[in-house]
Amino acid sequence: MGQGPILQAPETFFIAPLSRPAPGSVGKTGSWRTSKPVVYEDKCTGCMLCWLYCPENTILKTSNGKVAIDYDYCKGCGICAAVCPFKAIDMVSEV
Amino acid sequence: MVINLRKLPDKKYIMPGNAACPGCPETMGLRYVKMALGDNVVLVIPAGCSSVIQGISPYSGINAPILNIVFAAAASAATGMKAAFETMGRDDVHVVVWAGDGGTGDIGFQALSGAAERDEDIIYICVDNEAYMNTGIQRSSLTPYGAWTTTTWKGKKEHKKNIPMILISHGVKYVATASVGYPTDFIEKLQRASKIKGFRYIHLLAPCPVGWRFDPALTAKVAQLAVETGLFPLYEYINGEFKLSPIAKRYKDPSKRRPIIEYLKLQGRYRHLLDKPEEIKKIEEYIENTWKLIETLEESFAPGKDRGKKIFDAL
């Protein structure tokens, strides 16, 4: 397909209702949780499977190659504990 | 291609604190899309759960530029957006449609079919949670046989519509199926698709804990079981060549498949089926037929063989 002229947006461009990415777009979702994941550092091998599967992006990589959890936003679904092959994450009831 | 988990980008592609339910497969899938395609991605999202996941304005829970659009216009809006990027000289941007199964198979189908026929240079991902989950679990044409929804409360009587096969019939460049239970496989497929120019379609199975009635911790497990029982085969169709994905290859042999009951009993939506062996038999027959079709396609469109000859001999 041919490349047309490069268009410039006019200076007085219409103002669209834009949202910007930011953490906590519906608040601190950690309050939704009924049980929280706890990482046992001695069992963790840093395979990062929990980091890969976490739907919330609340698993943080630590400097020693293991994982920590962002409890402000973790919704406590328990996927990390279910996929961990070494049973290094346990779900502990909070209620 | 082998994916090293430690080398995948560790950016917040999904912002924590979004409005998704716990254990949501869509946020998982969106992370993999961004991991595979990088930062130059523009998402077009028709109505569905993904419109809600973004949260409350002026903040967004998805770290990507998004155009929210009506159900029936997702593929056409992406077509226009790609044309605009081409005019601006930006060939490095991937326009990705992230549509649900209703937005793909029912309401958005005419736009999808039109874009596929025109071979537009977009990536269309159908995130298939097998019902209209956002509005309250109503039946869609991609709901499988026997599944409970709020509009089929004795179980659906029809089988699932096979959208990937319909897209293969359109003669598009790239069609693949993937499952959120196998993220590395999905990322590989996206990376391969990103190198192809033309219409690319990926069908992503996304088990919804709310609508399928299972424990949110089992999202990945259920997505894997769908492949292991042979119900949802993973394959790729590239430029007239068909091949099974490495994960799904062993399930060609029926003895290696897990029994379907393991998949059904995890989900509350199949609860009424568990004491009806004749209904379960129908699902098993469906799996057999799916694999018969796959074997035919695999033989006829095997890479490098005399393509298409066998399929005409069979007719």
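Two strands count as paired if DSSP finds at least two bridges between them. In this predicted model, strand β5 (residues 123–128) of chain B meets that condition with strand β7 (residues 200–205) of chain B, to which 6 bridges join β5. The two strands run parallel. Within this pair, B:Ile125 stands opposite B:Ile202 of β7(B).

Both strands belong to an open sheet of 8 strands in chain B. The strand order is β3-β1-β4-β5-β7-β6-β8-β9, and the pairing is mixed. The edges are held by β3 (66–69) and β9 of chain B. Each has a single partner strand, so one side of each is left without a neighbour in the sheet. From one strand to the next, the twist averages 20°.

Strand β6 (residues 174–179) of chain B is joined by 3 bridges to strand β8 (residues 235–238) of chain B, and the two run antiparallel. Here B:Val175 stands opposite B:Tyr237 of β8(B). β8(B) and β9(B) form a hairpin with 2 residues between the strands. In this hairpin, B:Asn239 takes a positive phi near 50°.

Helix α3(B) lies across part of the sheet, namely β1 (41–46), β3, β4 (94–100) and β5 of chain B. Relative to β4(B), the helix runs at about 170°. α3(B) also packs against helix α5 (residues 109–118) of chain B. Their axes are 6 Å apart and meet at an angle of about 40°. The two helices are therefore oblique to each other. On α3(B), the contact is made by B:Ala74, B:Ala75, B:Ser76 and B:Thr79. On α5(B), the contributors are B:Ala111, B:Leu112, B:Gly114 and B:Ala115. By class, this contact has 5 nonpolar, 3 polar and no charged residues.

The interface between the chains brings 38 residues of chain B into contact with 36 residues of chain A. On the chain B side, the elements giving two or more residues are α1 (25–37), β2 (59–60), α3 (74–87) and α9 (219–228). This side has 19 nonpolar, 13 polar and 6 charged residues. Strand pairing also links the two chains. Strand β1 (residues 20–21) of chain A and β2(B) pair in the parallel sense over 2 bridges. There, B:Ser60 is the bridge partner of A:Pro21.

Methods:
Residues are numbered from 1 along each chain as its sequence is written. Chains are lettered from A and ligands numbered from 1 in the order in which they are written. This is a predicted model: local features need pLDDT of at least 70, side-chain atom pairs count only at pLDDT 80 or more; totals for chains, interfaces and linings use all residues. Two residues are in contact if their C-beta atoms, placed from the backbone, lie within 7 Å. Helices (H or I, at least four residues) and strands (E, at least two) are DSSP runs, numbered from the N terminus. Ala, Val, Leu, Ile, Met, Phe, Trp, Tyr, Cys and Pro count as nonpolar, Asp, Glu, Lys and Arg as charged, and the others, Gly among them, as polar. Axes are lines fitted to C-alpha atoms, for helices over the stretch in contact, and angles run from 0 to 180 degrees between N-to-C directions. Angles under 35 degrees count as roughly parallel, over 145 as roughly antiparallel, 65 to 115 as roughly perpendicular and the rest as oblique.
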